[in-house]
Amino acid sequence: MYSFNPLKPNGNYNRYRPFRSTICAEVTCQELFSPLTPSNTLCSDACRSISSTRGYLLRNYNISLEEWLTLIEQQQNRCKICSTEGTKPEGGTSLVVDHCHTTGRVRGLLCNNCNTALGLFQDDGSVLESALGYLKRSS
């Protein structure tokens, strides 16, 4: 016979079943909240965003959220090459993490255009110097 389990997300899942209050899994929040589902470990969209950013930075660049925020502060939320301001209209920053593809070391925060340009020059200083010489001769 079929047994009904209200905790399983199937067609008969009872989303109105109350769950016990739990503590938000986001390190900086730790707020007490009532999850809507058993797998809901974060209390809000803001905490989900922070947690996602924290994981992305650690996974891809091996830096913490705090180190990333320190970089933003040190560079005054500006691109390290062209000094374009990185503030988005909706808040936050549009700057991206620039890193050495050989060593993995983070070099700084750049606007998307400067980061793309370095990538197109394959992070090769001699090619970049050659392009600079070309621009100077052509002006």
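Modeller: Let's begin with a definition: a salt bridge is a side-chain nitrogen of Lys or Arg within 4 Å of a carboxyl oxygen of Asp or Glu. The model here is predicted, so local features need pLDDT of at least 70 and side-chain atom pairs count only at pLDDT 80 or more, while totals for chains, interfaces and linings use all residues. Residues are numbered from 1 along each chain as its sequence is written, and side-chain values use heavy atoms, with hydrogens and water left out.

Colleague: Thanks! How many salt bridges does a search of the whole structure find?

Modeller: The search finds five. One of them joins Arg54 to Glu66, with 3.5 Å between the closest N and O atoms. That pair links distant parts of the chain, 12 residues apart: Arg54 sits in helix H1 and Glu66 in helix H2 (residues 65–74).

Colleague: What do you count as a helix or a strand?

Modeller: Both are DSSP runs, numbered from the N terminus: helices are H or I runs of at least four residues, strands are E runs of at least two. This chain has four helices and four strands, and from the N terminus on the order is β-β-α-α-β-β-α-α.

Colleague: Which other residue forms a salt bridge with Arg54?

Modeller: Glu26 does, and its closest N and O atoms are 2.7 Å apart. Here too distant parts of the chain are linked: Arg54 is in helix H1 (residues 45–61), and Glu26, 28 residues apart from it, is in the loop between strand S1 (22–23) and strand S2 (32–33). Put together, Glu26, Arg54 and Glu66 are linked in a network of salt bridges.

Colleague: Is Arg54 buried or exposed?

Modeller: We go by relative accessible area: under 20% is buried, over 50% is exposed and anything in between is partly exposed (1.4 Å probe, protein chains only). Arg54 is at 17%, so it counts as buried. Glu26 is buried because its value is 2%, whereas Glu66, with 42%, is partly exposed. Of the 139 residues of the chain, 24% count as buried.

Colleague: What does Glu26 touch?

Modeller: A contact means heavy atoms within 4.5 Å. Leaving out residues up to four places away in sequence, Glu26 touches Leu42, Cys47, Ile50, Ser51 and Arg54. With Ser51, the side chain of Glu26 reaches the backbone nitrogen at 3.4 Å.

Colleague: How many aromatic pairs does the structure hold?

Modeller: One. Tyr56 and Tyr61 form it, edge-to-face, with 5.8 Å centre to centre and 75° between the planes. Tyr61 is buried because its relative accessibility is 13%, whereas Tyr56, with 39%, is partly exposed.

How values were computed:
Phe/Tyr/Trp six-rings, centres within 6.5 Å; stacked < 30°, edge-to-face > 60°. Polar contact = N/O pair within 3.5 Å; in protein donor to acceptor, adjacent residues only side chain to side chain.
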